[in-house]
Amino acid sequence: MNQTATLSWEQKDGVIELALHREPCNEIGSATLDDLEKFAIALDDLERDSHTLIIYSRQSAGFCAGADLRELYWRSQELEKGAAQRGVREFLERIHAVMNRIDASPLTTIAAVHGVTFGGGFELALVCDLIIAGKMARFCFPELRLGLVPGFGGIPRLKRDLGNAVVRDLLLTGRSWNATKAQQAGLVSQVVGEGEALRVARATATQLAKFDRRTAAAAKKFIKPIPHEELRREIDLFCDLFTQPAVEAGLKRFVENTTAQPYLP
Amino acid sequence: MENADQTLYQILDLAAAHFKVPRAKLTPDDDFFKTLGIDSLQALDLLTRLENHFHIELPDYELQGVTDFRTLAGRIQSRL
């Protein structure tokens with residue numbers, strides 16, 4: 001078992017399990033990014049003896065609530081504007097490198113999700129080949145209410161997998177989908193009972209072990225191209241929007257929000 | 001199809017059972033955030049349970065500003 005501050009991973013019988021365990025709900029800030037980069041480096045060796053990667057959360061609230069907006073806000077307050085913008089771009093370049101690495105892995109990858117799967121957490125699930133969702137999972141891109149768009153590759157990947165109309169629905173309304181709706185749309189492979197997502201992901205991995213690894217990897221590469229050009233443009237769009245005054249105001253509202261409904265878009 | 005009162009009482013029953021609050025303590029005009037002692041993430045959990053229970057889709061923005069069970073029941077009833 002390899003353990004970092006926000007993640008842990010282990011390999012057993014050809015299955016790599018990556019667990020997210022940062023409180024409260026695996027918000028992705030600089031600490032998680034550092035740890036994801038460590039995992040991405042370790043993946044080079046782990047892949048040699050594996051056929052499946054499962055990503056799941058040990059936090060009861062959900063899979064991942066997205067980017068750490070509090071860190072983003074406070075860091076942007078500490079730095080002068082140009083430095084803050086450069087910092088955001090560097091962060092995005094690094095998280096995209098990790099996401100692209102997992103997306104392009106020759107392993108078959110499974111996101112076993114439950115509860116909140118929002119923003120960057122949704123984007124992390126989208127890099128995986130299969131999403132297995134507990135019936136209480138919810139998927140959402142809430143970024144527009146902050147004056148932003150998803151920045152971890154979510155738009156190009158959701159468009160690749162489901163099409164532009166689905167992106168428009170989720171992005172432009174900011175509404176969240178439950179697991180049943182997500183399955184009807186084709187996003188979720190299987191909807192399972194509460195607390196069952198990881199077990200079903202492991203059972204799926206047992207099935208995947210039956211197939212020739214090189215064939216599975218070649219099939220995946222053929223089926224699932226990485227939309228590099230759109231991913232690059234997404235970073236540019238995010239960085240452009242980040243300079244707008246509405247973003248600072250939106251982040252400030254979120255950070256200072258003490259009402260009961262900040263997660264309701 | 002449930003009528004409005006049936007919908008309302010099913011919501012109260014479900015909320016009491018899930019959040020372990022005595023059913024007798026819940027009334028239709030209660031502020032459910034206060035009565036159930038829940039935050040926004042738990043409100044999303046309640047929304048998902050209600051969608052699953054009634055087999056409906058209820059966009060969360062329809063719940064913006066909704067705090068009492070009766071109004072919540074009205075929103076759900078409009079989707080049945």
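Me: In β8(A), which residue is the bridge partner of A112(A)?

Reply: The model is predicted. Strand β6 (residues 108–113) of chain A and β8(A) run parallel and are joined by four bridges. A112(A) has its bridge partner in β8(A), and that partner is I132(A).

Me: Which residue of β11(A) is the bridge partner of I132(A)?

Reply: β8(A) is also joined to strand β11 (residues 190–192) of chain A, by three bridges, and these two strands run parallel. Within β11(A), I132(A) has as its bridge partner Q190(A).

Me: Why is strand β8 of chain A largely enclosed by the rest of the structure?

Reply: A residue counts as buried if 20 or more other C-beta atoms lie within 10 Å of its own. Strand β8 covers residues 130–134 of chain A, and it is largely enclosed because the number of its five residues that are buried is four.

Me: What is the hand of the crossing of α1(A) and α3(A)?

Reply: Two packed helices are described by the angle between their axes and the distance between the axes. Here helix α1 (residues 30–46) of chain A packs with helix α3 (residues 81–103) of chain A at an angle of about 35 degrees, and the axes are 10 Å apart. The crossing of α1(A) and α3(A) is left-handed.

Me: By class, how many nonpolar, polar and charged residues does the contact of α1(A) with α3(A) have?

Reply: α1(A) contributes L33(A), L36(A), E37(A), A40(A) and L43(A) to the contact. From α3(A) come F91(A), R94(A), I95(A), V98(A) and R101(A). By class, the contact of α1(A) with α3(A) has three charged residues, no polar residues and, for the nonpolar class, seven.

Me: What radius of gyration does chain A have?

Reply: Chain A has 11 helices and 11 strands, and its C-alpha atoms fill a box of roughly 55 × 35 × 35 Å along the principal axes. A compact globule of 265 residues would have a radius of gyration near 18 Å, which agrees with the value for chain A, 18 Å.

Me: Among contacts in chain A between residues at least 6 apart in sequence, what percentage join residues at least 24 apart?

Reply: Of the 265 residues of chain A, 46% count as buried. For contacts in chain A between residues at least 6 apart in sequence, the share that joins residues at least 24 apart is 77%.

Me: Which helix of chain B gives the most to the side of chain B that touches chain A?

Reply: The contact takes 17 residues from chain A and 16 residues from chain B. By class, the chain B side has seven nonpolar, four polar and five charged residues. The element that gives the most to this side, with eight residues, is helix α3 (residues 40–54) of chain B.

Notes:
Residues numbered from 1 in each chain as written. Chains lettered and ligands numbered in written order. Predicted model: local features only at pLDDT ≥ 70, side-chain atom pairs only at ≥ 80, totals over all residues. Axes fitted to C-alpha atoms, helices over the stretch in contact; angles between N-to-C directions. Left-handed = near helix turned anticlockwise from the far one by under 90°. Contact = placed C-beta atoms within 7 Å. Nonpolar A, V, L, I, M, F, W, Y, C, P; charged D, E, K, R; others polar. Buried ≥ 20, exposed ≤ 12 C-beta atoms within 10 Å, placed from the backbone. Pairing = 2+ DSSP bridges. Rg over C-alpha atoms; globule rule 2.2 N^0.38 Å.
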